[in-house]
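I opened the model to look up a few things and note them here. The entries follow in the order I made them.

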Amino acid sequence: NITKGELIEISQDSIKSIADKIVILPNADPGWDWVFNLNIKGLITKYGGPNSHMAIRAAEKNITSIFGVGEMLYQQIKESNTIEINPLGKSFYLNI
């Protein structure tokens with residue numbers, strides 16, 4: 001599904017209110033699995049891929065996601081306020 005929403009970056013040290021937001025994370029390791037219990041709208045990671053634990057969990061929960069965007073793109077996304085993710089079109093738009 002096309003997903004639009006406010007972006008929020010979280011860290012293990014700084015847990016914020018993430019319900020109904022698109023979460024950006026540095027990696028896709030199982031230590032972040034708890035985010036799926038907080039009603040997130042979407043997920044973006046700097047590292048990881050389609051076979052990562054988080055990708056599999058996102059698919060199970062039907063959460064629109066982008067995995068492994070890399071350092072430069074992650075930084076651009078992190079500095080944005082909102083994003084629209086279109087998985088069928090394989091595209092996303094920042095600050096809509």
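Is Ile10 buried or exposed? I read a relative accessibility of 3%, so Ile10 counts as buried (buried means under 20% relative accessible area, exposed over 50%, partly exposed in between, with a 1.4 Å probe and protein chains only).

On the source, I note that this is a predicted model, where local features need pLDDT of at least 70, side-chain atom pairs count only at pLDDT 80 or more, and totals for chains, interfaces and linings use all residues. Residues are numbered from 1 along each chain as its sequence is written, and side-chain values use heavy atoms, with hydrogens and water left out.

I placed Ile10 in the loop between strand E1 (3–9) and strand E2 (22–25). Helices (H or I, at least four residues) and strands (E, at least two) are DSSP runs, numbered from the N terminus. From Ile10 to Val35 I have 9.9 Å, C-alpha to C-alpha, at a sequence separation of 25 residues.

Next, the sheet. I traced six strands in an open sheet with mixed pairing, in the order E4-E3-E2-E1-E5-E6; two strands pair if DSSP finds at least two bridges between them. Strand E4 (64–66) and strand E6 (91–94) are the edge strands, each pairing on one side only. E1 pairs with strand E5 (residues 82–86) in the antiparallel sense, over four bridges. Opposite Gly5 I found Ile83 in E5.

Then the salt bridges. I took a salt bridge as a side-chain nitrogen of Lys or Arg within 4 Å of a carboxyl oxygen of Asp or Glu. By this rule there are five salt bridges.

I looked up Asp33 and Arg57 among them: their closest N and O atoms are 2.8 Å apart. This pair links distant parts of the chain, with Asp33 in the loop between E2 and strand E3 (42–45) and Arg57 in helix H1 (residues 53–61), 24 residues apart. Asp33 counts as partly exposed at 21% relative accessibility, and Arg57 as buried at 18%.

Arg57 also forms a salt bridge with Glu60, at 2.9 Å between the closest N and O atoms. Both lie in helix H1, three residues apart, about one turn of the helix. Through shared partners, salt bridges join Asp33, Arg57 and Glu60 into one network. I have Glu60 as exposed, at 55% relative accessibility.

Last, I checked Lys46 and Glu71, whose side chains meet in a salt bridge at 3.3 Å, N to O. Lys46 is in the loop between E3 and H1, and Glu71 in helix H2 (residues 71–78), 25 residues apart. Lys46 counts as buried at 14% relative accessibility, Glu71 as partly exposed at 43%.
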